[in-house]
Amino acid sequence: MNPKTVLKYASDEGAKFVSVRFTDFPGAWQHFTFPIGELGEDTFEDGFGFDGSSIRGWAAIHESDMLLVPDAARFWMDPFTEEPTLCLVGNAVDPITKEGYPFDPRSVAVRAESYLKFTGLADIAYFGPEAEFFVFDSVKFHNEQQSAGYAIDSDEGHWNSGRDANEFSGSNLGYRIRPKEGYVPCPPTDTLSDLRSSISLTLAKCGITVECHHHEVATAGQCEIDFRYATLLGTADNLQIFKYVVRNTAYQHGKAATFMPKPLFGDNGSGMHCHQSLWKGEKPLFAGDGYGGFSEMGLYYIGGLLKHAAAIVAFAAPTTNSYKRLVPGFEAPVNLAYSARNRSAAIRIPMFSTNPKLKRLEFRPPDPSCNPYLAFSAMLLAGLDGIQNRIDPGEPLEKDIYDLSPEELKDVPSLPGSLDDALKALEADNEFLLKGDVFSPQLIERWIGYKRDKEITPLRMRPHPLEFSLYFDV
């Protein structure tokens, strides 16, 4: 695509405004809106000037001037604005050097794709995430000096089977989802099928092809909508669009959607299994005659993911809440092993088809709270390091990990048990991220500092409601 194509599309659609989206350091979309007359062909070179000093994790006040340069490859009409609004995705650019701003997440992904081509190992890395989410009917939370708490509710929640009528829909008709029994029931038990269909149709308008949608395992509105894989950068863009559409469609229906990995105690959390493959030209590079139909290159890629997994999750499972999902012995893959078909392994080789073009791996520890540009780039660099250094992934694990005895498990490494431990792993193991200047030492240092200062320390300093139950009478 080129600027002329974008401008013609905007004219054909009657756009009155243009919203240019970009991603802050933790991973949330931000945007500026301009009258459509401010967008010209030169804008795709010169960009829009803006102040980056107030963006989370970005510039200091003395280096705040930046350019937001739209990418002509991604454009669509915002399905939620009252006035016709063209949407573009932009890169933050240093106005002096004209290079991607070092702390702009999307610029990291651009560099990751460039480095992949530079290595000569492959031309394209395809990513396909499965971002689960919850849809709630009510969400309340507060954190004061003398009080803290939260309350979430869903008409689907099994705890509502005994509630009085005249709440939510005005009646109680008895259909509820029991804990851990929410995987693919039909309506009326699945109350969100129409909402997911509405989301899917809206995603299509934004250029994203939905392949399937269904209810997920947990009670109280856990959902999954799978969309078609694309390049690393394209999929990261798609995931940001996906989250925007999910949230806003739910909001239009009087509901709240969240990608928080563990909002509900005692039931499954929301993960984001990431399917990955490398291609060169028209050739899928992971297909071969090795274990699970994998090539030697594919197995080395797995070796790299397993070796660097503890550091990867500092980006791919990047919240304190992530580690309430990644708990040994429960639903999440904390043990670092690979297997064909076995969903208890951190890396699974799907066996749905023998078609070489469908041969891929599934990395299961990530969750949808991540910044996709940083998380996907970290996974790719780990896999490439595995290929470059011929890292043997070891023997596959064919047994259900959760059924193994402590003696059998002692030689299986596991993921960090907290965000703090993941950041320590990243501090100790980050050279693979520095190749091709994809990540910089300064970016890694800032990420670690931001997470510790803004998330870990504030949580560590606050009393937890459960502590009153455990310790008030000590």
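User: How many bridges join strand 1 to strand 2, and do these strands run parallel or antiparallel?

Analyst: Please keep in mind throughout that this is a predicted model. Strand 1 and strand 2 run antiparallel and are joined by seven bridges. Within this pairing, serine 19 stands opposite threonine 33 of strand 2. The two strands form a hairpin with five residues between them, and glycine 27 in the turn has a positive phi of about 130°.

User: What is the partner of arginine 21 in strand 5, and in which sense do strand 1 and strand 5 pair?

Analyst: The pairing of strand 1 with strand 5 is parallel and extends over five bridges. Arginine 21 has valine 89 as its bridge partner in strand 5.

User: How should I read the side chains of such a strand, and how many residues of strand 1 are buried?

Analyst: As a general idea, side chains in a regular strand alternate between the two faces of the sheet. In the present case, strand 1 (residues 17–23) is mostly covered, with six of its seven residues buried.

User: What is the order of the strands in the five-stranded sheet, and which strands lie at its edges?

Analyst: The sheet is open, its five strands follow the order 2-1-5-4-3, and the pairing is mixed. Strand 2 (29–35) and strand 3 (48–51) are the edge strands, each pairing on one side only. On average, neighbouring strands of this sheet are turned by 40° against each other, direction ignored. Strand 3 pairs with strand 4 (residues 65–77) in the antiparallel sense over four bridges, and here glycine 49 has leucine 67 of strand 4 as its bridge partner.

User: Which helix packs on this sheet, and which strands does the helix touch?

Analyst: Helix 1 (residues 3–12) packs on the sheet and touches strand 4 and strand 5 (85–93). The direction of helix 1 makes about 65° with that of strand 4.

User: Turning to helix pairs, at what angle do helix 6 and helix 7 pack, and how far apart are their axes?

Analyst: Helix 6 (residues 296–316) and helix 7 pack at an angle of about 140°, with axes 6 Å apart. The two helices are therefore oblique to each other, since only angles over 145 degrees count as roughly antiparallel. Helix 6 passes helix 7 in a right-handed crossing. Among the residues making the contact are Gly304, Leu305 and His308 of helix 6 and Ala378, Met379 and Ala382 of helix 7.

User: Is the arrangement of helix 5 and helix 7 roughly parallel or roughly antiparallel?

Analyst: The axes of helix 5 (residues 232–252) and helix 7 come within 9 Å and cross at roughly 150°. These helices are therefore roughly antiparallel to each other, and their crossing is right-handed. The contact includes Leu232, Ala236 and Leu239 of helix 5 and Tyr373, Phe376 and Leu380 of helix 7.

User: At what angle do the axes of helix 9 and helix 10 cross, and is the crossing left-handed or right-handed?

Analyst: Helix 9 (residues 419–428) and helix 10 (residues 441–461) have axes that come within 10 Å and cross at roughly 160°. Helix 9 is therefore roughly antiparallel to helix 10. The crossing is left-handed. Including Leu423 and Leu426, residues of helix 9 meet residues of helix 10, including Ile444, Trp447 and Ile448.

User: Where is serine 369 found, and is this residue buried or exposed?

Analyst: Serine 369 lies in the loop between strand 17 (361–363) and helix 7 (372–388). Its relative accessible area is 18%, so serine 369 is buried, the cut-off being 20%. Its side chain makes a polar contact of 2.4 Å with the side chain of aspartate 367. Leaving aside neighbours within four places in sequence, serine 369 is in contact with residues including Pro26, Phe259 and Pro318. Proline 318 is 51 residues apart from serine 369 along the chain, yet their C-alpha atoms are separated by 7.0 Å.

User: Which backbone atoms does the side chain of serine 295 reach?

Analyst: Serine 295 is found in the loop between strand 14 (283–284) and helix 6, and counts as buried at 11% relative accessibility. Its side chain reaches the backbone oxygen of leucine 285 at 2.6 Å. A polar atom of that side chain also lies 3.0 Å from the backbone nitrogen of glycine 298.

Methods:
Residues are numbered from 1 along each chain as its sequence is written. This is a predicted model: local features need pLDDT of at least 70, side-chain atom pairs count only at pLDDT 80 or more; totals for chains, interfaces and linings use all residues. Side-chain values use heavy atoms; hydrogens and water are left out. Buried means under 20% relative accessible area, exposed over 50%, partly exposed in between (1.4 Å probe, protein chains only). Contact means heavy atoms within 4.5 Å. A polar contact is a pair of N or O atoms within 3.5 Å; within protein, one must be able to donate a hydrogen and the other to accept it, and residues adjacent in sequence count only if both atoms are side-chain atoms. Two strands pair if DSSP finds at least two bridges between them. Axes are lines fitted to C-alpha atoms, for helices over the stretch in contact, and angles run from 0 to 180 degrees between N-to-C directions. Angles under 35 degrees count as roughly parallel, over 145 as roughly antiparallel, 65 to 115 as roughly perpendicular and the rest as oblique. A crossing is left-handed if the near helix is turned anticlockwise from the far one by less than a right angle, and right-handed if clockwise.
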